[in-house]
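Dear colleague,

I am handing over the structure we spoke about, and my notes on it follow below. Please read them with the model open beside you.

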Amino acid sequence: MEGIPHPIPRSVEEVFNDFKGRRAGLIKALTTEVEKFYQQCDPEKENLCLYGLPNETWEVNLPVEEVPPELPEPALGINFARDGMQEKDWLSLVAVHSDSWLLAVAFYFGARFGFGKNERKRLFQMINDLPTVFEVVSGNVKQPKEQSGAHNSSKSKSSGKTSRSESQPKGVKISPPPKEENDSVEEEEEDDEQGATLCGACGDNYANDEFWICCDVCERWFHGKCVKITPAKAEHIKQYKCPSCSSKRARV
């Protein structure tokens, strides 16, 4: 499965970092690199599995032959269902099984190295603070939907980086705005219910000092670095489509 040996995580922090690396690789396979993943899941091949690796990469491969395996194995035969259902539903199904596998691997390490009740609880809380792979892939992560209007109204108060986006084409939404300092308590509670803005590719939170861009099709926000879009390149985009939406349209 994994050609390159990876260090075995032993502490809660090490297990969590292992979890984050594998999770990031799975999210890449199911979002920004979905075209490559789709092609590798040929239904004519034998039972295939999707593996997320600790170094934030992924691979589609046959299951390991050793019994029992060194680590819990992901869902078997994901390629067989590829052409039998809508692509969106298939990706969501793989994402759900990937979430289950990630938890199995993390708590396998916890059991192997004797994590106690408090350590297991802390590990789960750290994991639970991240959106699941399914939430990222399906777009079900709670994100503010009124950002476009709020962005226009806050241009005069925004930072230098955001002000550069005033010259951007109207069809492209760039860099979600920071919260106003004098927001009312009600607005803050509403923002909490909506949840933090998360990148549709890596699932990390929005930060004021990072360049972001919004897909005009699925309306998800992405780090510019995650979708390889720079502020200069964005100036020439009239309507931005994320890699996932672009690949779906190409296959229609």
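Is Lys228 buried or exposed? At 68% relative accessibility, Lys228 counts as exposed, where buried means under 20% relative accessible area, exposed over 50%, and partly exposed in between (1.4 Å probe, protein chains only).

Before going further, please note that this is a predicted model, in which local features need pLDDT of at least 70 and side-chain atom pairs count only at pLDDT 80 or more, while totals for chains, interfaces and linings use all residues. Residues are numbered from 1 along each chain as its sequence is written, and side-chain values use heavy atoms, with hydrogens and water left out.

Backbone

Lys228 also has a phi near 60 degrees, a positive value in a residue other than glycine, and its place is in the loop between β5 (221-223) and α9 (231-234); helices (H or I, at least four residues) and strands (E, at least two) are DSSP runs, numbered from the N terminus. Glu56, likewise not a glycine, has a positive phi of about 70 degrees; Glu56 lies in the loop between β1 (49-52) and β2 and, at 39% relative accessibility, counts as partly exposed. The peptide bond from Val67 to Pro68 is cis, with omega near -10 degrees, and Pro68 belongs to the loop between β2 (58-61) and α3 (87-112). These cases deserve a look because most residues other than glycine have a negative phi, and most peptide bonds are trans.

The loop between β5 and α9 also holds Gly224, which is buried, with a relative accessible area of 2%. Leaving aside its neighbours within four places in sequence, Gly224 is in contact (heavy atoms within 4.5 Å) with Phe211, Trp212 and Ile229. Gly224 and Cys199 are 25 residues apart in sequence, and their C-alpha atoms are 9.6 Å apart in space.

Helix packing

The axes of helix α1 (residues 12-30) and α3 come within 10 Å and cross at roughly 165 degrees, the axes being lines fitted to C-alpha atoms, for helices over the stretch in contact, with angles running from 0 to 180 degrees between N-to-C directions. The two helices, α1 and α3, are therefore roughly antiparallel to each other, given that angles under 35 degrees count as roughly parallel, over 145 as roughly antiparallel, 65 to 115 as roughly perpendicular and the rest as oblique. Among the residues making this contact are Phe19 and Leu26 of α1 and Trp101 and Phe109 of α3. By class, the contact of α1 with α3 has 13 nonpolar, 1 polar and 3 charged residues, where Ala, Val, Leu, Ile, Met, Phe, Trp, Tyr, Cys and Pro count as nonpolar, Asp, Glu, Lys and Arg as charged, and the others, Gly among them, as polar.

The axes of α3 and helix α4 (residues 117-128) come within 11 Å and cross at roughly 150 degrees, which makes α3 roughly antiparallel to α4. Here Leu103, Ala106 and Phe107 in α3 meet Arg120, Leu123, Phe124 and Ile127 in α4, and these residues divide into 6 nonpolar, no polar and 1 charged.

Cysteines

The structure holds 0 disulfides, a disulfide being a pair of cysteine sulfur atoms within 2.5 Å. For Cys41, the nearest cysteine sulfur, that of Cys49, is 10.0 Å away, and Cys41 is buried, with a relative accessible area of 0%. The sulfur of Cys226 is 3.9 Å from the closest cysteine sulfur, in Cys202, too far for a bond; Cys226 is partly exposed, with a relative accessible area of 24%.
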